[in-house]
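Keep the structure open as you read.

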Amino acid sequence: QWGAFMPGVPDLTEFPHKKFGRIVSSLWRNPSPDLLTYAYGGGLPALREALAQHLALTRSIDCDPEQIIITEGSHQAIDLTTRILGEAGETAWVEDPGYWGARTILQANGLHTVHLPVDEEGMRVPDAVGTPPRFIFVTPSHQYPLGPVMSLTRRRQLLAVARQCGSWIIEDDYDSEFRFSGRPIASLLGLEPDAPVIYMGTFSKTLYPGLRVGYLVLPKPLTAAFQAAHAELYREGHLMTHAALATFIAEGHYAAHIRRMRMLYGRRRAMLVNLIERRLGPEWLHRDASMAGLHLVLTMPPDMDDLRVVEVARGKGVLTRALSRYYVNPEGRRPGLLLGYACVPEHDIARKFEVLLESLAEVARKPAAA
Ligand SMILES: Cc1ncc(COP(=O)(O)O)c(C=O)c1O
């Protein structure tokens, strides 16, 4: 689950464990009993306050700490949202290709998923809506996995459809902290007052996935119901972790770590792009992707079997994911590889890329499995 070129994973060796450890140790020196009990009201107030300030500065999100619910990552956040606001049999629009995790949870909660294609402006909103969707799940800041940023026109169109249909947009803002060029992109939530948007963020990409901390930013009228359901459904805890994170953010370590990682990942991305352009050609880079995130998409000739490339590369110690697996509708499906660059040290990128080239060549020579 970690190493060249695993997509979506930060460099775990760079996590400032000494700073975080110092904060954790000082909390454990004299633990407040309040922090050792169940969580209440959507997570520790200090963490929700620190996050509200952080989101105001970085994502133009104007919210009260009470509108934030701390979750055990995005999966729990999607589960909670669909259980509270959805009914089995209702419809949810998702991106195709899209994030398998969201699709799985929506379907597990009985929702009927409709898979909408993605172009250079993000999810394509259909001309004829059909059954009004209860949920619209999108990754507008950096479409997962292809990478385009949703255009302003598309954002307005999506908000208009959601208002008209009484839908909730679930905005998955999973890695927008890492943009390597251009201005930061404002969230959908911040675009219009009273937008029917439930915003979702995570520490999995900025710190480490095993931390299992994410958050929701909710419209005010929904907060009480979410707080109660969150406590009753999942019996939350981890307040010591919340307290440590709150201090980590409030003392500026979180913003500093993100800044440092942005520089590092930007350099690694540039190295990988350069290798692809030189060794394969610019046509192998997915053209709609923005300069952001922890992975890029390597496109392939349409008749190439990306699943086999993944298998062959794995046998040689290089991890990737096949783009074709992220599609549901066979019509739009195309082969490619998701290449994560964040967790590959610079000195290793060229060597690991050679292994990938060998794997591509091997599959090109022997197209079908014997
Ligand atoms: C599109 C997308 N959203 C969210 C997440 C984060 O999920 P979690 O917060 O549950 O770790 C991921 C992680 O892979 C992702 O790819």
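The report below goes from domains to core, then to the ligand, the backbone and a few single residues.

**Ground rules**

This is a predicted model, in which local features need pLDDT of at least 70 and side-chain atom pairs count only at pLDDT 80 or more, while totals for chains, interfaces and linings use all residues. Residues are numbered from 1 along each chain as its sequence is written, and side-chain values use heavy atoms, with hydrogens and water left out.

**Two domains**

The protein is assigned domain 1 (16–252) and domain 2 (255–365). Such bounds come from an automatic or database domain assignment. Taken over C-alpha atoms, the centres of domain 1 and domain 2 are 27 Å apart. Across the boundary, 27 residues of domain 1 are in contact with 28 residues of domain 2. Contact here means heavy atoms within 4.5 Å.

**The nonpolar cores**

A nonpolar core is a set of buried Ala, Val, Leu, Ile, Met, Phe, Trp, Tyr and Cys residues joined through side-chain atoms within 4.5 Å. Buried means under 20% relative accessible area, exposed means over 50%, and partly exposed lies in between (1.4 Å probe, protein chains only).

Which residues touch the most other members of the largest core? They are Phe5 and Phe203, in a core of 85 residues. Helix 8 (residues 253–279) gives the most to this core, with 9 residues. Helices (H or I, at least four residues) and strands (E, at least two) are DSSP runs, numbered from the N terminus. Both domain 1 (16–252) and domain 2 (255–365) supply at least three residues to this core. A second, separate core has 22 residues, including Trp168 and Leu222.

Phe5 is in the segment before helix 1 (17–29). Not counting residues up to four places away in sequence, Phe5 touches a list of residues that includes Leu272, Val318, Leu338 and Phe353.

**Around the ligand**

The residues around the ligand include Gly73, Tyr99, Tyr144, Asp172 and Arg212. Ser74, His75 and Lys205 are also among them.

Taken alone, the ligand exposes 400 Å², and the protein buries 89% of that. Accessible areas come from the Shrake-Rupley method with a 1.4 Å probe; for residues, only the protein chains shown count as cover.

**Backbone exceptions**

Most residues other than glycine have a negative phi, and most peptide bonds are trans. This model has some exceptions to look up.

The peptide bond from Ala4 to Phe5 is cis, with omega near -15°. Another cis bond joins Tyr144 and Pro145, with omega about 10°. Pro145 sits in the loop between strand 5 (135–138) and helix 5 (152–165).

Arg212 has a positive phi, near 55°. Arg212 lies in the loop between strand 7 (197–202) and strand 8 (214–217). Is Arg212 buried or partly exposed? Its relative accessibility is 34%, so Arg212 counts as partly exposed. His238 also has a positive phi, about 60°. His238 is in the loop between helix 6 (223–234) and helix 7 (239–250).

Helix 9 (residues 306–315) has buried residues, among them Val309, Val310 and Val312. The buried residues of helix 9 pack against strand 10 (321–322), strand 11 (336–340) and helix 10 (346–365). At the start of helix 9, a side-chain oxygen of Asp305 reaches to within 3.1 Å of the backbone nitrogen of Leu307. Gly317 follows helix 9 and has a positive phi, near 90°.

Ala52 is found in helix 2 (residues 45–59). With a relative accessible area of 8%, Ala52 is buried. Ala52 and Val217 are 165 residues apart in sequence, yet 9.0 Å apart in space, C-alpha to C-alpha.

Val328 belongs to the loop between strand 10 and strand 11. Val328 is partly exposed, at 28% relative accessible area. Its C-alpha atom is 9.6 Å from that of Val114, which is 214 residues away along the chain.

Definitions and conventions: Near = heavy atom within 4 Å. Polar contact = N/O pair within 3.5 Å; in protein donor to acceptor, adjacent residues only side chain to side chain.
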